[in-house]
Structure formats: C-alpha cells, structure tokens
Amino acid sequence: MTRRHGYALLASIVALIVALSTAVYVSVAAGTGTADRTSLSGSRPVRPSAAPASAGVWVGTWSAAPVGAEPGTLAEGMTGRSVRNVVHTSVGGTSARVTLSNLYGRTPLTVTHASLALAAGPRTAAAQAGSTRRLTFAGDTKVVVAAGAQVLSDAVALAVPAGGDLLVTTYSPVLSGPVTYHPTARQTSYAGPGDLTEDETGAGYTEQVDHWRYLTAVDVLSDEADGTVVAFGDSLTDGKNSTADANARWPDFLNRRLRTALAAGRDLPRYSVVNEGIGGNRVLADARGRPGENQAGIRRFRRDVLDRPNVRIVVVDLGINDILRTPGTVDPDKLLAGLRDLVRQAHARGIKVVGATLMPVGERSTWTEAREGVRQRVNAEIRSGRVYDAVIDFDRALRDPHDPRSLRAIYDSGDRLHPNDRGYERMAYSFDLEYLKGSTAARL
C-alpha cells in the first residue's frame, strides 16, 4: 500500500468514527436512548435505562431529606403496592438518576421494578405517553436496599424539563416495613395495588398522600446548571402551611427568581436549588427513635448537603426549634457552636455558607422572655458576620415593624410561626443573588 492510499484509508476511518459518535449524541440528547422494549404489562413500549452520552454536569434538581418511619407501616411497609412519588424539578437535563432510602427500615427493602416518567400534568398520577423509563441499579431492575442504607440508580436518558413534574415509581412485592418517608411534602403523591411502575394512565393509583416515600433525591446531567444550592433548614424551609401542589416554598421561589435573572442576562452563577428542610429540625438534637428520627442538623449535614452532587452554596436557616423545643432554655453559645460546626464542615469541602437570622415566633405556648433573649443573642451574632460567610436577614424581612417579636400579618399563615405563600416569596426576595457568587477554599 502506498503512503497516499494509507492516508486515504485513515481519513475514511476517522470520518466513520465521527459520524457514529454524532449519531449516538443526537439520539441520547433527544431522549431516545436505546431501542424501545415492550413493557412487562404489555400496555405500551417502555424505554429502558441507558447510560448518558451528552455533555453536562450532575446537579441536584430535587431532594427531600428522610425524616423517619411512616406510621402504620411497621410490619408490611408497602408490600404488593406501587408508590408513585411526584416531584418538581428546579433545572432540566438530558439524563437523570434517583436515590432511594431505607434509612428507617428494619429489614432489607426489595424493589423489583422502578421507573421514571414525565407527569402528564399537574395533580395527576398519569405520565406523558412514551416518557416512562425503566430504572436499573448496577444494571439490574431489581435492587435490595439494606436497612439503614440508601442506593443510587443508574443514569437513564430522558429529556427532563426545568420546572416540570416527574413521577418516580417503585414496586416492592415482599415485606419491607417500616417505610422511610418525608411527611408534610406539600405535594400530592400516589399509591396503588400491584405493579404499576409502567402504567402511564394513572388509573390504578387509588391512594393519595401528602408525603414522599423512599425517594430522597433526583439528579440530572445538565447543561443548564454548573452547581447546586442546598437550602438546609426546618419547617420554614420545608414549606409548612404553603399551598399544596403549588411549589410555594421559599427555595422554590428562589429557584424561579434565579432562573428569571439568568434568562434576562444577569451575570450570575448557573445553579440549581434543592430543598433539604425538615419540619421540627434542630441543630443539636434528634427528635426521637432509633436511629434518631428527624436527625439533628450537625448529624445529617454530610448526607443531606456534603454528599449531594456539585454543591457550591448551602443556605442555613436553622435554630428556632432548638430555642422552642429544648427543655428549659438552650445555651446560646452551644447553639452558635453548632451553627459554626456546620460552617466548618462546609468549608472543609470548599462550600460557601449563607446563613439566615431566626424569624420571630410571637407569643406561642412555648415562648418565654428567656427564649426570646436567646433568639436575639443568636441573631446579633449572625448579623455581626462571625458565623456565616454571608447573611440573609429573614427576621427583618418578615417581622411586624410595630411588634418586632411577631410576624407581620400579611406574611403570617395563621400560626404566628410559619409564613403563608406571600411570606415565603418575601423570604426568597430578601436573598441577595450576588451572594451566589464566589466560593470558599477548602480548608484541610
């Protein structure tokens, strides 16, 4: 073979490789994955899991911290039933993966089938036709999650939209109680008898619930975001008393505000925003149970913040329950030491910490002058800049100017502690988006 013929052959091979690579990229980016496979139910084709091939970085698009064991599920769990969790995305991507938790289970959780799909609309268990994808775990559709453990699925190719609803469905045919769950989700999810993981009609889902079961995170391979912001807090972050199925928690408002600013061309980091709030959560103490239900902030911080993908910023709004629920009066120095420990953990990973002042609680049954004094002491230290890298003054933003110890009436949901939708929106708009810029060098 002459040198000229050799060059020509080499050029042909390179061209063939480029053409094949382009075809694969276009197929995955379009959400087609590999060829359709007939579903086990025979109802319609369901696309299998497929490894992503498109560019991007993994970020969180939704999350919810595991809180405890669901009452009434101690023995059987959700045996012989399908659980369809509905979750709302913060950013889009070309592929997705989910985390399932059995943290509060006492026996292994066996999931024989799981699926991911785009919801057909709001407040429905129905999926968009043709959007259902089988989930696999290390290549297998079946996974056994040990008691006290969690598992990450394989990535599946799916065009996930920003600001859309996803359906994540699991089926467990054997005893698996108790169920690890997140109560007070402010989002309607579903359950039904039998294996309905590939049912796109939603007709078989006879139960509606206001909590999430087993599912604790959805990540996406995204070219819309370069990192994740984690909102870490208590019921004020979890969105208690916000309108159900409206995504009206303050992290939801913050995410939409950031998306709008980026679309307008503002020079800001492209981040997703996920919610790791737990109602009743404290910095220093677990709530109850073994393992401790509603784990203390300093104990769950690694799982719910540090181990999430590409976290760049954590927003901490925690401490009011330490003041209200600790017998007697919590030591403000111990509470501040706990908050500073969260900052230390974050800085060790190079994560910037934005912290919030503690909002007023009014004259509730657990309110005392001594406890109000602790709140004022903690807020003064936070405002001084000696706790966090940056400060959001939620207290100043929502308090009544004529009665600073109480929420302003237009922001109060009625219990003198939790905001209404307008109050949660006010919290998000009191956040200076410039705080998202910059980082903290890892301290080894």
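Guide: Two strands pair if DSSP finds at least two bridges between them. Keep that in mind as we look around this model, which is a predicted one.

Visitor: What makes E4 and strand E14 (residues 180-182) a pair?

Guide: There are 2 bridges between E4 and E14, and the cut-off is at least two, so they count as paired. The sense is antiparallel. As for who faces whom, Gly-68 stands opposite Tyr-181 in E14.

Visitor: In what order do the 3 strands of the open sheet come?

Guide: The order is E4-E14-E17, with antiparallel pairing.

Visitor: Why is one side of strand E4 (68-69) and of strand E17 (212-213) left without a neighbour in the sheet?

Guide: Both stand at the edges and have a single partner strand each, so one side of each has no neighbour in the sheet.

Visitor: On to the pockets. How do you know which residues lie nearest the centre of the largest pocket, and how many line it?

Guide: A lining residue needs an atom within 4 Å of a pocket point, and 26 residues line the largest pocket. Nearest its centre are Lys-240, Gly-279, Gly-280, Asn-294 and Arg-325. The space inside is about 500 Å³.

Visitor: Which elements each supply at least two residues of that lining?

Guide: Those are E4, E14, helix H2 (235-238) and helix H5 (320-325). H5 gives the most, with 3 residues.

Visitor: How do the residues of the lining of the largest pocket divide by class?

Guide: They split into 8 nonpolar, 10 polar and 8 charged. Gly counts as polar here.

Visitor: And how much space lies in the second largest pocket?

Guide: About 280 Å³. It has 24 lining residues, and Trp-62, His-88, Arg-249, Asp-252 and Val-273 are the closest to its centre. Strand E3 (57-63), helix H3 (250-263) and strand E20 (271-277) give two or more residues each to that lining. E20 gives the most, with 5 residues. By class, the lining of the second largest pocket holds 7 nonpolar, 12 polar and 5 charged residues.

Visitor: H3 also packs with helix H9 (residues 421-429). At what angle do they pack, and how far apart are their axes?

Guide: The angle is about 50°, and the axes are 8 Å apart.

Visitor: Is the crossing of H3 and H9 left-handed or right-handed?

Guide: The crossing of H3 and H9 is right-handed.

Notes:
Residues are numbered from 1 along each chain as its sequence is written. This is a predicted model: local features need pLDDT of at least 70, side-chain atom pairs count only at pLDDT 80 or more; totals for chains, interfaces and linings use all residues. Side-chain values use heavy atoms; hydrogens and water are left out. Helices (H or I, at least four residues) and strands (E, at least two) are DSSP runs, numbered from the N terminus. On a 1 Å grid over the protein atoms alone, a cavity is a set of points where a 1.4 Å probe fits but cannot get out, and a pocket is an open set with protein on both sides within 12 Å along at least five of seven lines; lining residues have an atom within 4 Å of a point. Grid points are joined across faces, edges and corners, and a volume is the space filled by probe spheres set on the points. Axes are lines fitted to C-alpha atoms, for helices over the stretch in contact, and angles run from 0 to 180 degrees between N-to-C directions. A crossing is left-handed if the near helix is turned anticlockwise from the far one by less than a right angle, and right-handed if clockwise.
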